[in-house]
Amino acid sequence: MAVSDEEAQVLDQWSNRLAQALQILDLKVDNELLLDLARKSADSVIHPAAPVTTFLVGYAAGLEAGTGSAGSREASSAAVQRAASVAFGLCDDGHEGGPASQGWADTAQ
């Protein structure tokens, strides 16, 4: 999916902020791949398939890598809820918001 240079810069900043807030400090997000995957799933299925597809791909990759709390369904569900809460909080600040006030570890308590 083609994005302008300005959009690519905003997306890079956003993905870096979100990864830091989720304490995935060594993650290099392939935004182009994710955008292509979202476009393909939206075009191939229905528009709402884009975020569902990218989420499921990321979740499966996390399970395969053995990271996170994949030991039980309850623990996995709680981890997803915490991550979503962090992302929603960052969305409230917009793409130009300051540092995340509440990170992944803070919500895990």
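Mentor: Gladly! Phe-55 sits in helix α3 (residues 49-65); helices here are DSSP runs of H or I with at least four residues, numbered from the N terminus. The model is predicted, so local features need pLDDT of at least 70 and side-chain atom pairs pLDDT 80 or more, while totals for chains, interfaces and linings use all residues. Residues are numbered from 1 along each chain as its sequence is written, and side-chain values use heavy atoms, without hydrogens or water.

With a relative accessibility of 41%, Phe-55 is partly exposed, a class between buried (under 20%) and exposed (over 50%), with a 1.4 Å probe and protein chains only. Together with Val-52 and Leu-56, Phe-55 makes a nonpolar surface patch of about 270 Å²; such patches join nonpolar side chains within 5 Å, from residues with over 30% relative accessible area and no salt bridge (Lys or Arg side-chain nitrogen within 4 Å of an Asp or Glu carboxyl oxygen).

Now for the core. Its seven residues, the largest nonpolar set, are Trp-14, Leu-18, Ala-21, Leu-22, Val-86, Ala-87 and Leu-90, where a core joins buried nonpolar residues through side-chain atoms within 4.5 Å. Helices α1 (5-21) and α4 (73-93) each give two or more residues to this core. Leu-22 belongs to the loop between α1 and α2, yet is buried at 15% relative accessibility. Its C-alpha lies 8.4 Å from that of Ala-87, though 65 residues separate Leu-22 and Ala-87 in sequence.

Gln-23 is in the loop between α1 and α2 (31-44) as well. Gln-23 is partly exposed, at 47% relative accessible area, and has a positive phi near 60 degrees despite not being glycine.

Note on methods. Patch = residues over 30% accessible without salt bridge, like charges linked within 9 Å, V, L, I, M, F, W, Y side chains within 5 Å. Areas by Shrake-Rupley, 256 points an atom, 1.4 Å probe, with all protein chains shown as cover.
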